[in-house]
Every structure is written in structure tokens, then in C-alpha cells.
Amino acid sequence: MRLLLALLALGASAQTRETNPYALTDRDALAKGRQLYSFYCVFCHGMDGASGRGSQLASSYRKHGSSDREMYRTIADGVPGTEMSGHWIEEDEIWKIVLFVRQIEQNASGRGQGCRADAGGDPVRGAALFQHACGSCHSAASRLGPDLAAIGATRSREHLRESIVEPDKVISRVFRAVRVRTNQGEAVHGLLLNQDQYTLHLLDVREQIRSFQRSALAEVVFPKESLMPSFAKSFSAGEIDDVLAHLCGGKR
Amino acid sequence: MTGRLLLAALVAQVAVAQVTQAQLVDAAKTPRNWLMYSGDYRSQRHSGLTALTPANVKDLDLKWVYQAKIVEKFETTPLVVDGVMYITLPPSDVVALDAATGVRLWEYKRSMPPRPQVCCGQVNRGVAIQGDRLFAATVDAHVIALDRKTGRLLWDTEMIDYRTGYSGTHAPLVVKDKVLVGVAGGEYGIRGFIDAYDIATGQRKWRFYTVAGPGEFGRETWAGDSWKTGGSSVWITGSYDPELNLTYWGTGNPGPDWNGDVRLGDNLFSCSVVALDADTGQRKWHFQFTPHDEHDWDATQIMMLLDRPVRGQNRKVLVTANRNGFYYVLDRATGEFLHGRPFVKQTWAVGLDERGRPVRAPGKDPTPEGNHVYPGVAGGTNWSSPSYSPITDLFYVTAREGGSLYFKGEADYKPGRRFQGGFANNERVSGDWYGAVRALDPSTGERKWEHKLRIPSIAGVLSTAGGLVFVGTEDGYFKALDASSGSDLWHLNLGGRVRASPMSFAVDGEQRVAIAAGSGLFVFGLR
């Protein structure tokens, strides 16, 4: 076999069906689906579909479509611009994974969608805190961080809490920080847009696109830290709950 | 000059002489042409043209581009014969171009049956030539012959039913009156083979199974019936030694890829080189680089033939940089192991014993949880062509540094379905991946220089007698390096991944270099 990764990116989108050929009553298909899920999905989504860095599956909300066909396509082709890659596996295996996700969905139905807004905290105070402390990077108009207006629908409360307290723990590849110093001594900090062997391009903290020849750079550093500071100290425990209540109660 | 005389003169000028077997044997002596996938039977991918040099390569300029209407990877190495270029497009089309201008002369478009099973893209790497005929393998597992002046189909032979996972992706090799071609499909539980077809009729003359079956040497290296689905595909063009009349082919991974429990034993002739009598297909010798492979380390690299002193004695050797991370030197008359050493970081073997067999490090097999092993699943190098320059006496190869997580899973065989027994992943392990073009001492594998690449490249290298090494990169550059030092002399962003190997030719007396990148074929020369 040649470059598996290349194929992972290509995916196997040529599905021939609109709906899942397997039903939740099919124990064999479900068991196989669980096994495949534990192979390919667990790393980002957690076995319960609620505990990983990836989108929360223990929910009926699907940002990229909740029909069988749309979920098939999401698994097969991935979601461009995110960490969700396509999967180079057989069509019926993808359907079995969809089946297992449906079961996760069903089991979660008692717990509501995404993260819970009613698990403590005041969403009104949280909205004001968010506007003040987070809004400059996490609004629809900002570019340095993800828009969090609908994050409550796809991420667990625990995951969001971790992101506020320990933002360096898991950094999305889509938001990779970079720090460069030019041969003239100018220091520039921002988000990586692209790089190749000879050039590097970033969005600086003033949201300006900056392009450099590598030969013009004295130093290129990819910090392990996120551009986002930790709010473990600047927010009280109660304030973190307020912000979580706001985030979890957002758009669905 | 009268009209008729003028016409006769023109006809004489454009009439293409037939490509003879003698020309193929002496391909390196006519560097204006590029007569086979790796340039010559020794697979050295070296051009004898001297016009491009380290001093003038900064003046390299685009001469023409041929844009193919494809989204699939473009992996062709063009052939050029007397001013006409022949390329293949995915899935299995053949196009003739005017080598001076890139204008298309004819096109053979093959209609494909539904869903041929090809693991890694419906690709094709090029044609072979002899006489007035071109030969190509197709992803629906046929071999075809075309008239090289018109593209007319002359014969079309099915190698095997493609629906069980077989395909043809590599450029065939013509030896005398036969065209040699193998089958891909190592991820589908095929039983691999190399075939020879009569170039005149398309009739099969011999078949060598790369998985030893009942009554054949090596049958006992496959537990139970596992030989029936043993993989060992063939998807890179072999080499040929006219004096020994032996043809050398690298073979792919055993099936299933990452779960060896269902195929206990060495699994001959997977991950091996086989030396076959070119007339009969009889095995003269074999050498297995990775017995009982469980990391998908196909030995489908170019088997390069060199004549050189080894331990004070002139030897006819075969050298290859293997996907398992080791560089090997073998005696190509006997298969005797002469030398081997790692050319990239590897953690799976303690070393090689005196017969070249790896001494395994413990605990490096795939596991259900994933096992981090070097080199990664795409190997220390992959199918990208190496080159050898007699000017510098160096072996050039694109190397890949980094490891993968290897997962073992279930392996249920169903005809025509993927049969892999797990998977491998690079994204969940630390990002220490990088690539390089490395120059090795051909006798020892010792590194003489390297040119680092930010991302490992799947593109091959070409060396030229003017003192250059050309290579393409994953981030879309085509570049020229100094063959003696590896310094970066020239580069250009072609705007698409390079997944092919460069070649060189001359037209109207001027040297050209060609490379496929993205969906375009780019041809360069001095401005």
C-alpha cells in the first residue's frame, strides 16, 4: 500500500444509498459498529461520544447534517478546514459506524443536546463576562479564535471548562500559533496561515496578513502554548460557571 | 525543390524509426530520448545530457505545460522518442504530445468499468515502448498495446478479473519479444503475480506468482490457506540485465497488512526482490527484505543495477533503498547479500544478520491500541525513483523520517474488499516528520549529503550528467540541487503536489526536464 494518509483525505464518498441499511435492532451490525468506532473515532470523540476533543456525538445536533446520507458523507470525506479527516474504509463499515453513533445519540436523548446550560452559573452574568473577556477573539467578527456562538451544541461542558482553564492542553490544528523574528529584529506573533519550504504566512495579532521569505527570518517558533491565555486565575470558579452557562445556552 | 521532393523530405524528417531491442539495451547512450520508465534497464534514472549545469540552472525557464483534466494523482514518467512524448493519465489513458511544444498529437481514452478497486488512487505511472508499439497496464487489470503514431488499440488482454481487487498501475517493461507487467491490489487479498505477454499478439507467455502456492518453493512460509490471499502485489517497474537475462522485481506487502496472525511464516515472496529468467519467468533467486512484514513495507522500490567494486572485487550488484528503512547491496547474479544499513531512523530491527535477514527488536508489532514504530507506514522511502550518477558516483533517494502508530485489527477476507487487518496513523504521534533528498555511497549506504525537505516527498529524483539532481516536493516545488553537495540551486512553485519522478530529454538539440505536478505536466529548458 502506498500513502494511506493521502487516501484518508480522499475518503470513500461514493456511497450508493440514502439511508442506513442497518437498524438498531441488528445486534451484529451494532457490535461491529462499536468496534469500528473504537478503532477510528474514539481518539477524538470518546467512547461515550461526549468526552473527547471532537464534536460531541452524544447529541442529536449535527452541524454538518443529521440525515444518514449527511453523516455518511461526514465520516467518509471529513469536514474541510477542521480536524475531522475522511476515512478510507468500506461503505458498509461506515454505515455500521453511523449506526453506533445513532445509538450514542439515543442513549444521550435523556441528557439533552450538547452541554447543559442548567448545570450551574448565571447565563446573563456569563454573557457580560464573555463579551468583556473573550469576545474580541471569539465572536463571529474576530479571526484569532473560533466563533463560539453555537459551541454549546457540539462540545461538552467539561471540554469547554478545560478550554478556559487549560487552553494549552488541546490546541486545534486550525488555530496554530507562530512567533517569528525577522533579520531586522521585528517580532511578529499570530496564527499560522500557511508555510512551505521557502515562505511563511501568518495572521498577526492585529489581524494583518504577513508573508515572509524564510531567508528573511532569524527565528521561527511554534509555541506549545495557545494564543489564548488561561482564565483559571482571572475568573473565579463562579465566573467560570457563569461563562459556561452562557456558552451552553447559546445557539442550537 | 519540387513539392513532391519537399514532401518526401518532410516525411523523412518526421518518420520515426522503430525502437529496437538493441536501442533499449543501449538506452543510456541516446540521452535525447527517454525510452523506459527509469531511463534504462539498470533503472538508474540518470540523464547523460550535459547542457544544464550548476552554473546555468538559475536560467531554467518554463517551456510548456500540458494540463490534464484530472483530479486523481498524476504519477506519470513520460517517454520521449525522437521528438514525441508519451504520457499516461489516470485512470488509464495514454496521450502523445509534440515534445517541442506540448501540443497533443493523439489520445487513447479508455472507458472504465464501475468501481475498479485501487487502494491508493486510480493512477498510472507510464508506458513502455518497442517497435512502433506502446504498452500500458490499466486499472481494470488489462494490458494494452497501442500504435504509437495514432494511439490505435492493437490488442487488449485481460490479466485477471479486476473485480476481486486486482489492478495494473505501473509502466510495463519490454524485454525482447515480451512485455512484462505485474498486478497491484495488496490491500485486497489478491495473489500477486508478474506476467509476460507476446508484444505482437498479447498472448500470455508466462506467469510468476509472487505468493508461493501448492507445489511451489516457499509454500510452507504461508500458514494454512493464507497463500490464497497473500497479496505481494507488483506496482513498480522492474529492471533487466541483458547479460544475465534476468529481470528483477520488487514485491509488495503480504495480506492482510497489519495482522500477521492469519498468515504465520515468512510469507514468500512478499516484501522481496525476485530475479526471474526473462524468457521463461523461472525464479533464479529471491531475497526477502522483510520476512513476515506487519507494517505495510512493500519492497516495491526501484531495483537499481550497478557494476562496481565491493570489498575489493568487481561485482554486478543490485542496490535498493527499502521502505523498511534499510539500504541493501546484493549480488545480482546470485542474490547473495553483500551489505545493508539503515538510511533513516528505524526502531523495528536490531540490525541485519550476515545473510541480510533482519534481527527483530521485541515488541514492535502492531497492537490493538497502536504501537509507535519507525519508519512510518509510508516507509523510509516509498515508490519514488532513486537515481545514480556515474559522475559523482552517488545514489540519490528521497528519504522519509518519522514514525507511525500501527494498529492491529480483524482480518476477514471477502473477495474484492479491503483486507488489511488494522490501520496505521501518523497524525496521532508527535510531529517529528520531515523528508530529505539523500546522497548515499552506493557501496556502503553511507550518507554523503542531505537536502532537507519540510514534508517528506513521494516524488522521485533524476540526476543529470551536467551535475544536477532534480526533485519535486509535497508542497509543490520543483527544484534543482547540486549533485555534489545538495545545495539548492533553483526552485519554482508549480502549485500542485509532485507525485512523480522527473526525466530529461532533448528536442531540437536542447535539453529539457519534465515533471508532473498537480494535474499538469511541466517542461523546462534554458531561456
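**Note on the predicted model: chains A and B**

1. Strands β4 (residues 84–89) and β5 (residues 93–98) of chain B run antiparallel and are joined by six bridges. One bridge pairs Y86(B) with A96(B) of β5(B). Strands here are DSSP runs of E with at least two residues; helices are runs of H or I with at least four; both are numbered from the N terminus. Two strands pair if DSSP finds at least two bridges between them.

2. A word on the basis. This is a predicted model, in which local features need pLDDT of at least 70, side-chain atom pairs count only at pLDDT 80 or more, and totals for chains, interfaces and linings use all residues. Residues are numbered from 1 along each chain as its sequence is written, while chains are lettered from A and ligands numbered from 1 in the order in which they are written.

3. The β4–β5 pair of chain B sits in an open, four-stranded sheet with antiparallel pairing and the order β3-β4-β5-β6. β3 (79–81) and β6 (104–108) of chain B are the edge strands; each has a single partner, so one side of each lacks a neighbour in the sheet. The twist from one strand to the next averages 20 degrees. Axes are lines fitted to C-alpha atoms, for helices over the stretch in contact, and angles run from 0 to 180 degrees between N-to-C directions.

4. Chain B has another open sheet of four strands, ordered β19-β20-β21-β22, again with antiparallel pairing. Its edges are β19 (304–310) and β22 (337–342) of chain B; each has a single partner strand, so one side of each is left without a neighbour in the sheet. Neighbouring strands of this sheet are turned by 30 degrees on average, direction ignored. Strand β21 (residues 326–331) of chain B runs antiparallel to β22(B), with five bridges between them. Within β22(B), F337(B) is the bridge partner of L330(B).

5. Now chain A. It has nine helices and five strands, in the sequence pattern α-α-α-α-α-α-α-α-β-β-β-β-β-α. Its C-alpha atoms fill a box of roughly 65 × 50 × 25 Å along the principal axes. Of its 252 residues, 31% are buried (20 or more other C-beta atoms within 10 Å of their own; exposed means 12 or fewer, partly exposed in between; C-beta atoms are placed from the backbone).

6. Helices α6 (residues 123–133) and α9 (residues 237–248) of chain A have axes that come within 7 Å and cross at roughly 95 degrees. They are therefore roughly perpendicular (65 to 115 degrees; under 35 is roughly parallel, over 145 roughly antiparallel, the rest oblique). Among the residues making the contact are L129(A) and F130(A) of α6(A), and V243(A) and L244(A) of α9(A). Contact means C-beta atoms, placed from the backbone, within 7 Å.

7. S230(A) lies in the loop between β5 (217–221) and α9 of chain A. It has 16 C-beta neighbours inside 10 Å and so counts as partly exposed. Beyond its neighbours within four places in sequence, S230(A) is in contact with V165(A), E166(A) and P167(A). S230(A) and Y72(A) are 158 residues apart in sequence and 37 Å apart in space, C-alpha to C-alpha.

Definitions and conventions. Contact = placed C-beta atoms within 7 Å.
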